[in-house]
Amino acid sequence: MLKLDKTIQAALDATGLPWTVETGGKHFKIRLAGRLVGVFSKGKNAQPSHSIQNTISNIRRLYKELSGDRTGEAPRRSV
């Protein structure tokens, strides 16, 4: 079973939304409010640091999208 990184778990818990860790054939899948936010291999090196940071970014991005919070968005460039 995947031992969830404490920073990922803290980010998931901070949203207050329901989340799950599913076991697939070769990967673990992390879902927040039913939407996929991260995938980790079941191999030896299951959680490289860039995957952890990408997953935390995905969690925060999805939370902002679902909550309607626009304050964290970067300004859009006009073309």
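A residue is called buried when its relative accessible area is under 20%, exposed when that figure is over 50%, and partly exposed in between (1.4 Å probe, protein chains only).

**View 1. The whole chain, from one end to the other.** This is a predicted model, so local features need pLDDT of at least 70 and side-chain atom pairs count only at pLDDT 80 or more, while totals for chains, interfaces and linings use all residues. Residues are numbered from 1 along each chain as its sequence is written, and side-chain values use heavy atoms, leaving out hydrogens and water. You'll find 2 helices and 3 strands here, and along the sequence they come in the order α-β-β-β-α. Helices (H or I, at least four residues) and strands (E, at least two) are DSSP runs, numbered from the N terminus. Of the 79 residues in the chain, 27% are buried.

**View 2. Strand 1 meets strand 2.** Strands count as paired if DSSP finds at least two bridges between them. Strand 1 (residues 19–23) pairs with strand 2 in the antiparallel sense, over 5 bridges. Look for Thr23, whose bridge partner in strand 2 is Phe28. A hairpin with 3 residues links the two strands.

**View 3. Strand 2 meets strand 3.** These two strands also run antiparallel, joined by 6 bridges. Here Arg31 has Leu36 of strand 3 as its bridge partner. The hairpin has 2 residues between the strands, and Ala33 in that hairpin takes a positive phi near 55 degrees.

View 4. Which residues sit on the covered face, and which on the uncovered one? Phe28, Ile30 and Leu32 are on the covered face, whereas His27, Lys29 and Arg31 are on the uncovered one.

**View 5. Inside the largest nonpolar core.** A nonpolar core is a set of buried Ala, Val, Leu, Ile, Met, Phe, Trp, Tyr and Cys residues joined through side-chain atoms within 4.5 Å. The largest one has 12 residues, including Leu4, Ile30, Val37, Phe40 and Ile56. Helix 1 (6–15), strand 2 (27–32), strand 3 (35–41) and helix 2 (49–67) each give two or more residues to this core. Helix 2 supplies the largest share, 4 residues.

**View 6. Zooming in on Ile30.** Contact means heavy atoms within 4.5 Å. Once you set aside neighbours within four places in sequence, the contacts of Ile30 include Leu4, Ile8, Leu12, Val37, Phe40 and Thr55. Ile30 is also on the covered face of strand 2.
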